[in-house]
Amino acid sequence: MPIYEQAYRKYEARAEPPFVRFWPITREALRLVLSKRAYIGLMIAAFIPFVVRVVQIYVVTRFPEAGRVLPVDGRLFGEFLNQQIGLTLLLSIFGGSGLIANDLRTGAILVYLSRPLTRRDYVLGKLGVVMGLNLAVTLVPGLLLYLIALGLAPDMFVKWSLAWIAPAVALHSIVISLAVSLLTLAVSALSRSARVAGLALAGLMIGLEIVRGILVAMTDQKLAHVLSVQTDLRAVGNALFGIVSSRGVVVPIVYPVVVLILLALGCLYVLRSRVRAVEIVT
Amino acid sequence: MTDVDATPLVTFKDLTVSYGMLQALGGVSGSFPPGPTGLLGPNGAGKTTLLKALLGFLRPDRGSMTAFGLDPGQKPLEVRRRIGYMPEQDCHLPGMTAGAFVAFAGELSGLPRDEAISRAHEVLYYVGLGEARYRTVDTYSTGMKQRVKLAQALVHDPDLLLLDEPTNGLDPQGREEMLVLISDIVSRRQMSLVLCSHLLRDVERTCENVIVLSQGQVATSGSIAALTGPRRQVYDVRLKGDAAAFLTDLKDKGVEWTEGEDGYRVFLPEGHGPDALFVTAREAGVQVRHLRPGTESLEDVFLRALGHGS
């Protein structure tokens, strides 16, 4: 049968788009990312620190004297989340660096933006992917760890004085995930190649860490610490969970917070100027 | 099938659109009536810019545009919901099968997921990709990618289909099949479309109306039948002798001509017969060796609108 003899039905019911217009974008991108076995392996590996912390809590409940070496209190959660920062970066580099870059390369951005979707919907859809992946290795294990701690060591954790832990875990997880996700998308939007974007993101993180180290060594200025995004995120965690840095570095929390806010605004600006259906070169 | 007098789907008046300092459309006015309309013009004429303004991607510097009674600048989502857009350049999602891609496109247009999946399969069969719908689009040939682009534009059953250079990069057979599909969409599916192309034959074959753009201006517009109709007599002429004098004399008499591959195409105004050619030839001292009546094609209209020929 010739192709023009084949028909498709006229679509009569013209449904209103779903309220959450960005959800199909998030769902399909997550499906594509999670279809890679290597990525699933990486996500499983990101749960190793969680398992270590569960063992730590278990050991301390069985052998209280171990608590002197491995203290189990609210700070444990902050240290755990600070450990996860590096892993969220790794997951974002492999899972998020191509999210916008690939669309720019293959022209798929037009498929999205010629639909009843705004640029905000598109960015929210992509942000949902990286946020989802990052929250899966911060918020989910963080809250799970808290629940396990309540179950294994009720005499240590079932106290009103420690009820702040769950909200603090949620807040720190969201801060980490949002900062890393926005940075990932902004870098992805600056390139048409997922590999280049991934390398640029890794280079940016490592580069800033190196610059921070050099400046601190040369000038001994504590303020130089805010140059590193990881250090800023750790500083937020330290402030939330009352952790005193082992290196004795104390930067007023306002500086890292301001840097993270500026970073987020910068990323939003990049996304606003790069996510367009029409590339205007003047 | 088209009622020319029907309310236009899209109208634009004095539309001016610029990319920074570069003006792409300079005060164009016109309309897309229901049915197939060709948007014709050389590269850089402003065809794609007009489509992008219609989709609300570009804000006009001046002028107004309405689609389905709505301003695309003010209500872009409502307008896009009723439009299917097949972009000129390649567009697909890496790693996605054609079925998943088209269903996803349907969902983005507001179709419920189940309906989007069901329609994706139907539309892929319709464009001739039924057997290949479980392959990833990355592995498709150029012709197949063009078809999948058409499928994603059709999946939500739009009121107006915008096809930007749909036969780009296709071999003759692929081009023929694409034109058959487009004709079928118009004639049997009763869908209105705008075919944006620099290929005259594609437009002539599939469209009823045409807007010719040149350097950001509307060079001419109207129904193809009226533009190419019998209002002027056309003759293909071959000469022996000094053609330059003959052509100059024709121009002096207000007769237009274009140079063909093997002679000249002469457009006689209403009221003139071929004897005018013989008289002019005698005066110019040339022999008419071949004289054949012809019909004015869209190519003639196009070239005349662009100022080529006499």
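## Surroundings of Cys196(B)

Once neighbours within four places in sequence are left aside, Cys196(B) is in contact with Leu39(B), Lys47(B), Thr48(B), Leu51(B), Leu163(B), Asp164(B), Glu165(B) and Pro166(B). The model in which these contacts are found is a predicted one. Cys196(B) belongs to strand S7 of chain B, which covers residues 192–197.

Is Cys196(B) buried or exposed? Its relative accessibility is 0%, and because buried means under 20% relative accessible area, Cys196(B) counts as buried. Leu58(B), which is 138 residues away from Cys196(B) in sequence, lies 17 Å from Cys196(B) in space when the separation is taken from C-alpha to C-alpha.

## The hairpin of S8 and S9 in chain B

Strand S8 (residues 209–214) and strand S9 (residues 217–223) of chain B pair over six bridges, and the sense of the pairing is antiparallel. Within this pair, Val210(B) stands opposite Gly222(B) of S9(B). The two strands form a hairpin with two residues between them, and in the turn Gln215(B) has a positive phi of about 50°.

Strand S10 (residues 233–240) and strand S12 (residues 263–268) of chain B run antiparallel and are joined by five bridges, with Gln233(B) standing opposite Leu268(B) in S12(B).

## Overall make-up of chain A

Chain A contains 13 helices and zero strands. Of its 282 residues, 46% count as buried, and its C-alpha atoms fill a box of roughly 80 × 50 × 30 Å along the principal axes. Among the contacts in chain A with a separation of 6 or more, 77% are accounted for by residues 24 or more positions apart.

## Packing of H12 against H13 in chain A

How are two packed helices described? The description rests on the angle between their axes and the distance between the axes. For helix H12 (residues 229–241) and helix H13 (residues 254–274) of chain A, the angle is about 125° and the axes are 9 Å apart. An angle of this value makes H12(A) oblique to H13(A). The crossing in which H12(A) passes H13(A) is left-handed.

On the side of H12(A), the contact is made by Val229(A), Asp232(A), Leu233(A), Ala235(A) and Val236(A), while H13(A) contributes Pro256(A), Val257(A), Val259(A), Leu260(A) and Leu263(A). Sorted by class, the residues in the contact of H12(A) with H13(A) are nine nonpolar, no polar and one charged.

Methods: Residues numbered from 1 in each chain as written. Chains lettered and ligands numbered in written order. Predicted model: local features only at pLDDT ≥ 70, side-chain atom pairs only at ≥ 80, totals over all residues. Heavy atoms only, no water. Axes fitted to C-alpha atoms, helices over the stretch in contact; angles between N-to-C directions. Helix = DSSP H or I, 4+ residues; strand = E, 2+ residues; numbered from the N terminus. Parallel < 35°, antiparallel > 145°, perpendicular 65-115°, else oblique. Left-handed = near helix turned anticlockwise from the far one by under 90°. Contact = heavy atoms within 4.5 Å. Nonpolar A, V, L, I, M, F, W, Y, C, P; charged D, E, K, R; others polar. Pairing = 2+ DSSP bridges. Buried < 20%, exposed > 50% of the residue type's maximum accessible area, 1.4 Å probe, protein only.
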